[in-house]
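The entries follow in the order in which I looked things up.

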Amino acid sequence: MVYFSRNSNNNHDNNIELARKISLLIDKSKIDEYEIYISSSTDNELEVFEGKVESLSYSDSKGIGIRIFKDKKIGYSYTTSLEENKIKDCIEKAILNSKITYPENINGLPLENEFRYSKDNEIQKYIYDENFFKFDIEKKIKLALDLEKVVKGIDKRISGVDSLNYSDNYSEVAIINSNGFEGNYKNTSCFLFLNVISKDKNDTSTGFSFLYDRNPQKLNIEQIAQEASNKSLVLLGAKKIKSTYADILIENIVAAQFLGIIASILTADSVQKGKSLFKDKIGEKIFSKNIDIFDNGVMKEGFSSKPFDAEGVNKGNTCVFKDGVLQTYLYDSYTARKDKTLSTGNAVRASYKSNPTVGVSNFYLTSSENYNLEDIFKKIDNGFYVIDIIGLHSGANPITGDISVGAKGLWIKKGNIEFPVKEITIATDILSFCKKIETIGNDLRFFPSAGFIGCPSLHVKDIAISGI
Amino acid sequence: MIDKKIAKKVLNELLASGGQFGELFIQKRLSNSLRLDDNKIENALSGFEIGCGLRLIYEDSTYYAYLDSIEESKLFESAKILRAAINSSIINKPINLNDSYSSYDVKVLKIPNEVDPEDKKNILIKVNEAARNKSKYIYQVTANLSDVQEETIIANTDGIFSKNHVVKVFLAVSVIAIKNKEIRTGYKSLAKTKGFEIFNEKKPEVVAAEATQIAINMLDAVNAPVGVLPVVIGPGFGGVIFHEACGHGLEADAIIKNASVFKDKIGFKIASDIVTALDDSTLPGHWGSFKFDDEGTPSNKNVLIEDGVLRSYMLDIKSSKKLKSPLTGNGRRQSFRDIPIPRMTNTFIANGSEEPENIINSVKKGIYAKEFSGGQVDPATGDFVFGISEGYLIENGKLSNPIKGATLIGNGPEILNKIEAIGNDLDFSPGFCGKNGQSITNEVGQPTIKISSITIGGTGL
């Protein structure tokens, strides 16, 4: 059976050349500087349900984002149409938009002497895997169907799989600008997501897991099936508990989501606008333990790795915290000029549809003093092992620092698991949370969200738990 | 963008190897957005997109492809690639395309692209000034103004040919207030499926003042309590509780996947007698309203719960065929790049009879939750949370201290039965809902309601 035929990589060829052609359409007398960003993408998405393909989606797409500077003002516009008149419209719109933005002397394209890092010539080969293309659509469908079978065979209490998705992406990004920068990189990735439902007597519980790789052949379906099933099964029969203060042990995937909130206020943009609790705290000890945090834009196994950022600045490895002490914020070229420093290569954009802003890349927490999960359990006399949270986007306010989220997990008594717990909340604030981290696990794991955030399991002292 | 003749030819090609359903979704979208932050217009952005999504349903499987083009030859090519996925002997009857009709008709007075960019800029400047003038504690103001103009054509093998023109305008204001090192935030938005005339009906300065008031009210907040208490939920955005606690579980894809606590409950009592809830995309100009949904089904007023009894789910074409239940006009998608799925539109609890003050007065010790930052639900278990952004303690029937950092957590079916009182002050609030990676516009709504008991997740033990 033939599904979608991948008709060569035509879509991705010559993005640099296309950008050069577009640059010729720009009337240089109307602008001071320009930047052309092109991303082309081939996407496959597939969902299976009860032994069948529920949906299968395929696309080849390309978009162009044009940023211009005129009289120190910025204008931006994008188009998905490659027709010459539409591209001309796009340029015109960018120029028009620049007329209503605020002029600032520090506005402008990055210059090479503003880069903190030199170019990493190695990273391209780690973010693109030729083997990606050897995995055809039949294999993808088989992988997903096999996974569904494996899950259902794990335990008779597993009543269903409400979400089993495979998606992959091959993309190429090219940037050129009027300062003479020209660069491109290509990237392959695949992602598997699974959500399992378990039922027992009158109780229902769910559990999820995910896997990602540059090469789909490396996705291990046994691993994802076991993790999602276990999470769902251990929660069957969960009950509410009385409100209390207790130690919590946050599983790595959940801890990474908390770390994502912290990451969002370490960008120079949020600091300079007074939206960060870390403002004026460089050199201060924020974590009581010896915690190091890095934003490594060129980490070999990092899903946010690339040779240069969203405005063409080289990426590198930035140490944000050393031994719990705040070292630096994360910068793009604009915020770096404002603080009279160099860009850390942290300009990001969600797609060609948005102008660059500051964001994290591969952002992770480690510690030289780290422990096995079993050893951390032993340290907890009476506590809560958090294996899933709900409502982080509505329950965490990065500006005020307040965090209150729904949680489920297991109660720990004298180092042992006692019973499953649900429908309770855990609440704290960001700075207290940092201070109260007591023990750091050795199980660093990454969670792909805005950036690629990695954290080991964290044991945090004395957190408010609300129940009945 | 495409005429019936070409649409018919492409649809015929799409179904040439069999299949139960074929569809073209053609979309052109112009968008603009303007952002003010830190006292200046930080960026201005415009976009143009045009493309087509092709969908083929064969047995229970959906095959989808999209392209950034509406050229006839490319549509044919994509139709060919899609139909290669199936090989069936079912011969389809010839397709006849008929213009769809919808009674929804709201005139747009000020088309975004005809509004002078300087005027758009001035809206944000006024917002900034109004917020900062209202209180000396205002430290930062961020405001976004965006507009979208969309043209869509939907043609399908059930004979639908619907043309739609959508205009949307969105203003969001976020403020930060600081007093004695206490940092508080306020957020308010104005969003309509209309043009820039929305600012004649409500001044941007008013939106700014409302956002500011929230932050100011919260400056002296105490830690929210923990444990179980009665909660009075204010009108408008309070409706997010129904959206999370019940709405998502009534979307038919969750029913089909056996991932909803409301499966097999039609005709059964699932909420207190006083609860009637609707999903209504016909409300003129509301943020979740439309002429046709994203599958060409006309807008519809759908009673979900009537006097506590479950009456209807929310369906799209695929779930309607599968459940053999009539279309409700809930097939929605983010853009031509996405497969439509059942989604809410404007979803709300209908007015009751009580005076809001009397509801608050009836609580001896509890919480008044006025504004919210959003919520989340696991439809399979019904467990949901939502975050309070402006809340107060109720002591002896009166509002007392503001509270900070609180989330409410509960279970949908349990909470629906704990709604003890419903006010007569129905109001709506716009927002964005994310599901399966697709973000769409919708509105939540409710009058003041009282929940007899729910867990409050604060830190004040």
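**Sheet in chain B.** I looked up the open sheet of chain B in this predicted model: six strands stand in the order β12-β11-β10-β15-β22-β21, with mixed pairing. Strands here are DSSP runs (E, at least two residues), numbered from the N terminus, and two of them pair if DSSP finds at least two bridges between them. β12 (309–310) and β21 (427–435) of chain B are the edges; each has a single partner strand, so one side of each is left without a neighbour in the sheet. I then followed β21(B) to its partner β22 (residues 438–446) of chain B: the two are antiparallel over nine bridges. Opposite Asp427(B) I found Gln446(B) in β22(B).

**Conventions.** I number residues from 1 along each chain as its sequence is written, and letter chains from A and number ligands from 1 in the order in which they are written. The model being predicted, local features need pLDDT of at least 70 and side-chain atom pairs count only at pLDDT 80 or more, while totals for chains, interfaces and linings use all residues.

**Confidence.** For chain A I noted an average pLDDT (the predictor's confidence in each residue, from 0 to 100) of 94, with 97% of the residues at 70 or above. Residues 1–9 of chain A fall below 50, and this stretch has nine contacts in the model beyond near neighbours in sequence. A contact means that the C-beta atoms of two residues, placed from the backbone, lie within 7 Å. Where pLDDT is low, the predicted coordinates should not be read in detail.

**Strand β3 of chain B.** Is β3(B) mostly covered or mostly open? Six of its seven residues are buried, that is, 20 or more other C-beta atoms lie within 10 Å of their own, again with C-beta placed from the backbone. β3(B) pairs with β2(B) in the antiparallel sense over seven bridges, and Tyr64(B) is the bridge partner of Arg55(B). The two strands make a hairpin with two residues between them, and Glu59(B) in the turn has a positive phi of about 50°. β3(B) is also joined to strand β2 (residues 52–70) of chain A, in parallel, by six bridges. There I found Ser57(A) opposite Tyr64(B).

**Between the chains.** The contact as a whole takes 67 residues from chain A and 66 residues from chain B. On the chain A side β2(A) gives the most, ten residues.

**Domains of chain B.** The domain assignment, automatic or from a database, gives domain 1 (4–30 + 47–99), domain 2 (112–151 + 163–220) and domain 3 (223–457). The centres of domain 1 and domain 3 of chain B, taken over C-alpha atoms, are separated by 35 Å. Eleven residues of domain 1 of chain B contact seven residues of domain 3 of chain B. β2(B) gives the most to the domain 1 side, with five residues.

**Core.** Which residues touch the most other members of the largest nonpolar core? Of its 251 residues, they are Val386(A), Cys52(B) and Val127(B). Such a core is a set of buried Ala, Val, Leu, Ile, Met, Phe, Trp, Tyr and Cys residues joined through C-beta atoms within 7 Å. β2(B) supplies the largest share, nine residues.

Notes:
Helices (H or I, at least four residues) and strands (E, at least two) are DSSP runs, numbered from the N terminus. A residue is buried if 20 or more other C-beta atoms lie within 10 Å of its own, exposed if 12 or fewer, and partly exposed in between; C-beta atoms are placed from the backbone.
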